[in-house]
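This report looks at how some parts of a protein chain are placed against one another. Please keep the sequence and the 3D view at hand while reading.

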Amino acid sequence: PPCGGIMKPEEAVECIRRGDHRVHLSYQHLGVEGATAIAEELKVNQSCTELNLSYNQIGPEGAEMLAEALIQNSTLTSLLIAMNGIQEQGAESLLDAIKQNSHIQKLGLKFNDIEQDTLDRIQEQLTRNVESSQLRSHAML
């Protein structure tokens, strides 16, 4: 079935599982339950490089679940989670995750009630991750 319209969490997971590199699941009302299911898939997924989960009401707990998954996932480079109410708690978890996973180069966090200092630290880490990725790609030449 095509990925679109409002989906249940298990349907959203299937959209990631089917092997697309870019998966857009914004406005799905997935909540913490959906974020948790998607996080479990991301721990083993080796195809999705860009994931948009914006406007899904995942909150801080959902962000923590995704952060745990990011530590284990070496394929995803871009995660967009704007307008999810992840707050400072969720942002700190994501910051810890991107420190451990330099593959993450883009993290969209607009409108999540996060302190500017935390956003700045996340941006600094993302910049380091991009630089690390560039070094890896040059080493492969």
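A residue counts as buried when its relative accessible area is under 20%, as exposed when that area is over 50%, and as partly exposed in between. The model discussed here is predicted. Gln125, which lies in helix α5 (residues 116-139), has a relative accessible area of 8% and is therefore buried. Leaving aside residues up to four places away in sequence, Gln125 touches Leu95, Ile98 and Lys99.

The two residues with a stated accessible area are set side by side below.

| Residue | Relative accessible area | Class |
|---|---|---|
| Gln125 | 8% | buried |
| Tyr55 | 32% | partly exposed |

Tyr27 sits in the loop between β1 (22-24) and α2 (31-42), while Tyr55 sits in the loop between β2 (50-52) and α3 (59-72), so the pair ties together parts that are 28 residues apart in sequence.

In soluble globular proteins, nonpolar side chains tend to be buried together. The largest nonpolar core has 36 residues, of which Leu25, Ile38, Leu51, Leu53, Ile81 and Leu94 touch the most other members. At least two residues of this core come from each of α1 (9-17), α2, α3, α4 (87-100) and α5. Ile81, with residues up to four places away in sequence not counted, has contacts that include Leu53, Ile58, Leu66, Leu94 and Leu109, as well as Ser54 and Asn112.

Methods. Residues are numbered from 1 along each chain as its sequence is written. This is a predicted model: local features need pLDDT of at least 70, side-chain atom pairs count only at pLDDT 80 or more; totals for chains, interfaces and linings use all residues. Side-chain values use heavy atoms; hydrogens and water are left out. Helices (H or I, at least four residues) and strands (E, at least two) are DSSP runs, numbered from the N terminus. Buried means under 20% relative accessible area, exposed over 50%, partly exposed in between (1.4 Å probe, protein chains only). Contact means heavy atoms within 4.5 Å. A nonpolar core is a set of buried Ala, Val, Leu, Ile, Met, Phe, Trp, Tyr and Cys residues joined through side-chain atoms within 4.5 Å.
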